[in-house]
Amino acid sequence: MATTKRSLADLAAAFTSKANDGGSSPTWKLFFNFWKAPVDSVSTVRFLPDANQDNPMGFLVENLVHELTINGKREKVPCLKMYNESCPVCDLSASYYDEKNPEHSEELGKKFYKKKSYIGQVLVIDTPVEHDGDQLVKLIEFGPQVFKQIQAAFQSGDLEEAPYELKGGYNFRFRKTVTGSGQNSYTTSNFAPKQTDVADDTINAITLYDLSQYRTPKMDRAALEAMLVAAQTGESYTASLS
């Protein structure tokens, strides 16, 4: 399996820049559900490089969605900014946050604000979660809480190689705890302190995914605008939501 060597400095820059940024799909079976682990347990994985060698983050892509309540159901729709276009849902959210707007409402601004997650691919090293052992490479998705731990590792200077390097990289440990309010927390997740190698036979069996293909698919702007109107007015939306 050929991979492109990306300098640790370039990776650190890509992850640092992010600090300054303002189940119905058939692909769900490809994902490793680390969040199903019991509280106070650890799932250890090895991140793998993106098949898309132009990805500046090397092994993760950002996924941006909005949540709209349509026909009485909450639906996730893509933020068009993810595809380098203006987004009508972002525009609506910004208008509600604008204190000069007579309809100013931080509650509504937050309701329509984009939500971030991050998609990668991993080898599962050890976990209490039942999973398909025949599927060697698994996709994984997590929120900003875990991303901040990964980002901090790049900023710390403790990494001597890109963590997804198959020789000399680092395993990552998802530590699941619970807050005083009963919410799941992954703030103690981190990369293992020691570098390790992936076995040669495993490397030879790896087939990588192009992570950009697993973002929420782009949709037509007119359709998104119609869905937004339905979410605001409570009117029915009859076009396919698939």
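At what angle do α2 and α6 pack, and how far apart are their axes?

A: A quick note before we zoom in: this is a predicted model, where local features need pLDDT of at least 70 and side-chain atom pairs count only at pLDDT 80 or more, while totals for chains, interfaces and linings use all residues. Residues are numbered from 1 along each chain as its sequence is written, and side-chain values use heavy atoms, leaving out hydrogens and water.

Now your helices. Helix α2 and helix α6 pack at an angle of about 40 degrees, and their axes are 9 Å apart. That angle makes α2 oblique to α6. Angles under 35 degrees count as roughly parallel, over 145 as roughly antiparallel, 65 to 115 as roughly perpendicular, and the rest as oblique. The axes are lines fitted to C-alpha atoms, for helices over the stretch in contact, with angles running from 0 to 180 degrees between N-to-C directions.

Who does the touching? On the α2 side it's P88, V89, D91, L92 and Y96, and on the α6 side R221, L224, E225, L228 and Q232. Contact here means heavy atoms within 4.5 Å. Sorted by type, the residues of this contact come out as 6 nonpolar, 1 polar and 3 charged. For that sorting, Ala, Val, Leu, Ile, Met, Phe, Trp, Tyr, Cys and Pro are nonpolar, Asp, Glu, Lys and Arg are charged, and the others, Gly among them, are polar.

Stay on α2 a moment. This helix covers residues 88–97, and P88, V89, C90, L92, S93 and Y96 in it are buried. Buried means under 20% relative accessible area, exposed means over 50%, and partly exposed is in between (1.4 Å probe, protein chains only). The cover over those buried residues includes β2 (61–70), α3 (106–111) and α6 (221–233). Helices (H or I, at least four residues) and strands (E, at least two) are DSSP runs, numbered from the N terminus.

Strands are the next stop. Strand β7 spans residues 172–178 and runs antiparallel to β1, joined by 5 bridges. Two strands pair if DSSP finds at least two bridges between them. β7 and β8 form a hairpin with 5 residues between them, and G182 in the turn has a positive phi of about 90 degrees.

Next comes N171, which sits in the loop between β6 (167–169) and β7. N171 is buried, at 14% relative accessibility. Leaving aside residues up to four places away in sequence, N171 touches T44, V45, R46, I125, N190, F191, A192 and T196. With R46 there is also a side-chain polar contact of 3.0 Å. A polar contact is a pair of N or O atoms within 3.5 Å; within protein, one must be able to donate a hydrogen and the other to accept it, and residues adjacent in sequence count only if both atoms are side-chain atoms. N171 and R46 are 125 residues apart in sequence, yet their C-alpha atoms are 4.7 Å apart in space.

Another strand to find is β5 (residues 137–142): 5 of its 6 residues are buried, so β5 is largely enclosed by the rest of the structure. Strand β4 (residues 115–126) pairs with β5 in the antiparallel sense over 6 bridges, and V122 has K138 as its bridge partner in β5.

Finally, some loops. Most residues other than glycine have a negative phi. D40 isn't a glycine, but it has a positive phi of about 65 degrees. You'll find D40 in the loop between α1 (8–17) and β1 (41–47), where it is exposed at 65% relative accessible area. N71 also has a positive phi, near 55 degrees, and is not a glycine either. N71 lies in the loop between β2 and β3 (73–78), partly exposed at 42%. Last up is G157, in the loop between α4 (144–156) and β6, and exposed at 58% relative accessibility.
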